Amino acid sequence: MPDGTKRDKRVQSTGVGAWFDHHLYSLVASFGRFFRRPWATLLTIGVMAVALALPLGLWVVLNNVQRFAGEVQGSRQISVFLKDGTDAARANALAGELRKRADIAAVTLRTPEEGLQQLRTRSGLGDAIDALAATGDANPLPFLLLVTPSGDDLTLAESLRTLPEADLVQHDAVWRGRLDNWLRFGGRVALVLALLLGLGALLVVGNTVRLDIQSRREEIGVLQLLGASDGFIRRPFLYLGAWYGLAAGALALAMLTAAWMALRAPLADLASSYGSGFALQGVDQVQAAVVVGGATLLGWIGAGIVTGHFLRQTRPTSH
Amino acid sequence: MHDAGAPSGDTAPMTVLRFDNVSKQYPGGHVALSEVSFAVAPGEMLFVTGHSGAGKSTLLKLIQLAERPSRGAVLFGEKNLAKVRGGKVALHRRSVGVVYQNHQLLMDRSVGENVALPLILRGMKRGEIGKRVRSMLERLGLAARERALPSQLSAGEQQRVGIARALVAEPELLVADEPTGNLDPTLSAEIMALFAALPERGTSVLVASHDLGLIKRMKKRVLVLDQGRLADDIPPEDLADA
């Protein structure tokens, strides 16, 4: 046989340099292919973006509900409404006694006047309350003790109910438990949706790349016969998939941002009317980077699966 | 039957390519090759001929590892191609230059880019690729067409681009499948003259052709395939009587 070694020396490889060159070439060439059929590309990106935006939007909503519920739950307060006829001195004394208990972290005493003032500002019934006050009737509101537990709030609530001065003990443990369960369920729904729609996005990229492979089958065949490695053939398709993922991730973020901008102001107004400063939170920069990076990876993987399958089918066989 | 490069005595002469009792049966049951044995010596030029369906294309596919034999062994140098798997298939294909009857050029790439492909696949430096491509195009009279697209060339020019691409990486073996099938006699003669000069540069040449007139004129060794069997192996000196 001819001196193959001598030939190999004459046709030298530059290793990393050539590898980098081809990556760069594939990156740019795949970007060109991305724009070659703009409508098809736009449709693919659109479908992927919706598939990504749905679970992402649900996750953002849940995040906000959780934050809102956190504000409500954070207080863990138990409201103890004292009986009519309990005077200020007794209410103060009771508050002092409760503060000494180990299972109580803090006690705030709210007088009937403070309660009325709060009702006036938060309920929007200021005029009606003023009118009632003008009739000279006494303030109907009782003294209120806001008790913050330091331990088990259920046991404490039961104990507070036994106080002779207590008229009504309000503790929303059951409601909070239900809310927790709903939030956990919502989180799981978001995860399942993310997995299903993520798989959908993967299939969309895979199918688009498959069509691209089909349209370039002849070219791939020629390259294979000339000695192109699987990596050489796979590379432009991987970059194409990554471009699809990147664009779809960015579009999904843009959709969510548009929805956030549309909902932010009316929701803030709504919250404000209930005396809350709650503001709708969107996606921060780190989360946005994770979404775009994840979508890019999804596109890359989808393209990799399809290209790998195609390359396995073109292996020479002995049968 | 002549058997160039076959072992004789204790010392086996080196061969570029060797078929040892190679058979190929396709899934439908069609036997394309049956117990074919021959060897190609370094710097040798030979023809493979036969009617349509005789097995010429299958023989070329086995050399390129586009197919694998059902039985027997194909050896490229000392390498048994049955053991060439995975990524090594691509490496093997880079050692064989192939000229196709239908050119198999990438129509959306220029002449220069088509010719550069085997060098790119070998990971050669850009500057060196440019030099080699220009040199090869000059050698084949295509220097002025480097930036043209294949669709802008005549059939003869396209075939020469295919040849340039097959030769640019200086393969150990050049395989040509009906390289003059679509060409006029003058151009066919030119291309054959080009092939005939390759052995002097150390490249062995295997040409599949059914153009008996051309084969006779070239006066090279001829393998005759008939229904998948090697019917004859005619040395150059016997060709005048064939």
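**Figure 1. Phe19(B) stands opposite Val74(B) of strand E4(B) in this predicted model.** The two strands here are E1 (residues 17–25) and E4 (residues 71–76) of chain B. They run antiparallel and are joined by 5 bridges. Both belong to an open sheet of 4 strands in chain B, with the order E2-E1-E4-E5. Pairing in this sheet is antiparallel. Strand E2 (31–40) and strand E5 (79–80) of chain B are the edge strands. Each of these two pairs on one side only. In general, the strands of a sheet pair through backbone hydrogen bonds.

**Figure 2. Helix H1 of chain B packs on the sheet.** H1(B) covers residues 56–64. The helix touches E1, E2 and E4 of chain B. Its direction makes about 120 degrees with that of E1(B). For the setting of this view, chain B has 7 helices and 10 strands. Of its 242 residues, 46% count as buried. Among contacts in chain B between residues at least 6 apart in sequence, 69% join residues at least 24 apart.

**Figure 3. Strand E9 of chain B pairs with E3(B) and with E10(B).** E9(B) spans residues 221–226. With strand E3 (residues 45–49) of chain B, E9(B) runs parallel, joined by 4 bridges. Thr49(B) has Val224(B) of E9(B) as its bridge partner. With strand E10 (residues 229–234) of chain B, E9(B) runs antiparallel, joined by 5 bridges. Here Val222(B) has Ile234(B) of E10(B) as its bridge partner. E9(B) and E10(B) form a hairpin with 2 residues between the strands. Gln227(B) in this hairpin takes a positive phi near 50 degrees.

**Figure 4. Two loop residues of chain B, Glu178(B) and Lys219(B), have positive phi.** Glu178(B) is not a glycine, yet its phi is near 45 degrees. The residue sits in the loop between strand E7 (173–177) and helix H6 (185–197) of chain B. Glu178(B) counts as partly exposed because 19 other C-beta atoms lie within 10 Å, whereas a buried residue needs 20 or more. Lys219(B) is not a glycine either, and its phi is about 55 degrees. Its place is the loop between helix H7 (212–218) and E9 of chain B. Lys219(B) counts as exposed, because it has 12 other C-beta atoms within 10 Å.

**Figure 5. Helices H8 and H10 of chain A pack at an angle of about 140 degrees.** H8(A) covers residues 173–215, and H10(A) covers residues 230–273. Their axes are 10 Å apart. The angle makes H8(A) oblique to H10(A), because only angles over 145 degrees count as roughly antiparallel. The crossing is right-handed. H8(A) contributes Ala201(A), Val205(A), Thr208(A), Val209(A), Asp212(A) and Ile213(A) to the contact. H10(A) contributes Phe237(A), Leu240(A), Gly241(A), Tyr244(A), Gly245(A) and Ala248(A). By class, the contact has 8 nonpolar, 3 polar and 1 charged residues.

**Figure 6. Helices H10 and H11 of chain A cross at roughly 145 degrees.** H11(A) covers residues 285–313. The axes of H10(A) and H11(A) come within 7 Å. H10(A) passes H11(A) in a right-handed crossing. Residues of this contact divide into 20 nonpolar, 9 polar and 2 charged.

Definitions and conventions. Residues numbered from 1 in each chain as written. Chains lettered and ligands numbered in written order. Predicted model: local features only at pLDDT ≥ 70, side-chain atom pairs only at ≥ 80, totals over all residues. Contact = placed C-beta atoms within 7 Å. Axes fitted to C-alpha atoms, helices over the stretch in contact; angles between N-to-C directions. Left-handed = near helix turned anticlockwise from the far one by under 90°. Nonpolar A, V, L, I, M, F, W, Y, C, P; charged D, E, K, R; others polar. Parallel < 35°, antiparallel > 145°, perpendicular 65-115°, else oblique. Pairing = 2+ DSSP bridges.
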